[in-house]
Amino acid sequence: MFETLSNSFSSALKKIRFKDDEKALKKALAELKKSLLKADVHHKVVKELLQRVELDTKAAGIGRDSFLKALQKNLTQILTAPGKQGFVYASKPPTVVLMTGLQGSGKTTTTGKLANYLKLRGKKVLVVAADLQRLAAVEQLRQIAQQIDVDFFGEEDEKDPVKVVNDALKLAREKLYDVVLIDTAGRLAIDEALMEELKRVKEAANPDEVFYVADSLTGQDAVRSAAKFNEDIGITGVILTKYDGDSKGGVAISLAHQIGVPLRFIGTGEKMPDLEVFIPERITNRLMGAGDIESLAEKTAAVIDEKQAKKISKKIAKGKFNFEDFLEQLESMKKMGSLKNLISMIPGMGNMAKAIKDLDLENSKEIKKIKAMINSMTPKERKDPDLILKNNSRKRRIAQGAGLSQQEVNKILKQFNNAAKFAKKFAGKKGMQDMQNLMK
Ligand code: GDP
């Protein structure tokens with residue numbers, strides 16, 4: 001997310017050489033303008049941002065530091081709109097959220113992603129199928145709910161979404177749900193009938209949040225339709241989807257400023273973990289090349305049990321990391337979503353993220369091989385890789401069971417052994433020194 005923009009930002013910033021003069025500032029502003037316009041940020045927003053940066057830089061005395069400070073402050077302001085940030089729970093549960101949007105925007109998928117996000121944070125979530133317009137929407141939501149193991153509410157053959165919503169909320173109160181996510185009807189375009197229905201549903205649900213889900217690939221149309229929804233029914237946040245397909249990213253920069261409603265989340269892929277919270281300060285940091293350690297830490301904390309993590313690092317330090325631990329780690333990595341996204345949150349790694357092709361943990365050939373191999377091991381072997389390392393008949397049996405050649409099994413075992421040794425070294429003090437040497 002934002003790799004293109006953050007790369008062109010950092011190269012613009014690198015080019016700037018200040019010698020306390022206005023010419024340098026003008027050049028810096030021109031570089032910035034180029035990269036913002038290239039990313040499709042709305043030209044009016046670009047103009048306003050640059051004017052503010054210029055004013056603030058001059059007021060503080062022209063120089064690199066004052067320029068960067070002014071950019072950071074004003075970029076954050078542009079990204080901010082009055083309203084909430086991230087997901088905010090109502091003071092009295094359940095927190096009721098209406099998910100709105102046009103057909104094909106990714107509304108149903110995003111309902112699932114958000115449910116998954118909240119579930120990982122320990123919340124009891126109910127998803128409600130009140131999109132009775134699109135034929136397959138109810139079934140789609142049911143399947144997504146099943147996949148992420150979240151409760152689903154739908155009423156077969158019911159035609160009135162208001163009835164569905166009323167029944168769902170009654171159940172949610174009785175069963176003490178923390179959050180209720182209501183998937184509402186979409187249409188191909190905004191029309192009177194849709195708005196009327198949404199108004200009725202909104203009145204019945206009395207929601208804490210109305211999220212508008214918009215497809216970022218539609219560019220300024222996403223902004224216009226969000227503004228229209230806001231005028232007609234009132235929204236409290238926007239979720240932009242399909243950001244993985246849109247490497248330019250300009251819409252996310254200007255949206256909040258253009259419509260006066262905050263951007264709350266960004267969808268970055270088709271899978272359930274592909275949802276990123278949008279917090280202006282953090283996005284500014286990412287754009288300016290400082291990474292986003294807070295989001296990374298939060299994501300990690302949501303999927304990794306702290307006790308478990310401690311247990312693993314102890315094992316690594318003792319050189320006892322085994323195949324069972326490996327599988328466990330793989331499963332928690334999967335819950336965090338795209339590796340490429342994770343890497344781009346580390347300071348200075350924006351370029352790296354661009355360079356790597358995303359490693360798909362589920363479909364990677366290598367990982368499939370390793371999994372097949374582990375599945376062919378006895379429980380004892382999984383716990384103690386040494387048993388296999390020195391035993392050819394075990395290797396043969398495992399290779400056969402996994403449909404691999406013995407060579408492949410040897411290679412994987414060797415890699416695993418090296419990785420475990422490497423990790424053990426890093427777990428000790430000497431590791432830090434090695435790390436520093438590596439970075440030189
Ligand atoms: P709805 O009609 O608004 O409910 O749309 P759906 O939820 O059915 O999504 C439409 C299509 O967009 C589906 O194929 C989704 O997998 C896809 N989609 C949704 N969000 C994203 C995203 O963030 N990235 C990508 N690449 N695809 C997405």
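**Briefing: the sheet, its helices and the ligand shell**

Both faces of strand β5 are covered: Glu 209, Phe 211, Val 213 and Asp 215 on one side, and Val 210, Tyr 212 and Ala 214 on the other, are all buried (20 or more other C-beta atoms within 10 Å of the residue's own, with C-beta atoms placed from the backbone). This is a predicted model, in which local features need pLDDT of at least 70 and side-chain atom pairs count only at pLDDT 80 or more, while totals for chains, interfaces and linings use all residues. Residues are numbered from 1 along each chain as its sequence is written. Helices (H or I, at least four residues) and strands (E, at least two) are DSSP runs, numbered from the N terminus.

**Sheet**
- The open sheet has 8 strands in the order β3-β2-β4-β1-β5-β6-β7-β8, with mixed pairing; two strands pair if DSSP finds at least two bridges between them.
- Its edge strands, β3 (151–153) and β8 (275–277), each pair on one side only.
- From one strand to the next, the twist averages 25° (axes are lines fitted to C-alpha atoms, for helices over the stretch in contact, and angles run from 0 to 180 degrees between N-to-C directions).
- Strand β2 (residues 125–130) runs parallel to β3 and is joined to it by 3 bridges; Leu 126 stands opposite Asp 151 in β3.

**Strand β5 and its neighbours**
- Because 7 of the 7 residues of β5 are buried, this strand is largely enclosed by the rest of the structure.
- In a regular strand, side chains alternate between the two faces of the sheet.
- β5 pairs in the parallel sense with β1 over 5 bridges, and Phe 211 is the bridge partner of Met 99.
- β5 also pairs in the parallel sense with strand β6 (residues 237–241), over 5 bridges; here Asp 215 has Thr 241 as its bridge partner.
- Helix α9 (residues 220–232) carries the chain from β5 to β6 in a right-handed β-α-β crossover (with the strands pointing away from the viewer, the path from the first strand over the helix to the second runs clockwise).

- Helix α8 (residues 192–205) lies across β1, β2, β4 and β5 (209–215), at about 175° to β1.

**Ligand shell**
- Of the 19 residues around the ligand, Gly 106, Lys 107, Thr 108, Thr 109 and Gly 267 come nearest (a residue is near a molecule if its C-beta atom, placed from the backbone, lies within 6 Å of it).
- Helix α5 (residues 107–120) gives the most to this shell, with 3 residues.

How values were computed: Contact = placed C-beta atoms within 7 Å. Buried ≥ 20, exposed ≤ 12 C-beta atoms within 10 Å, placed from the backbone.
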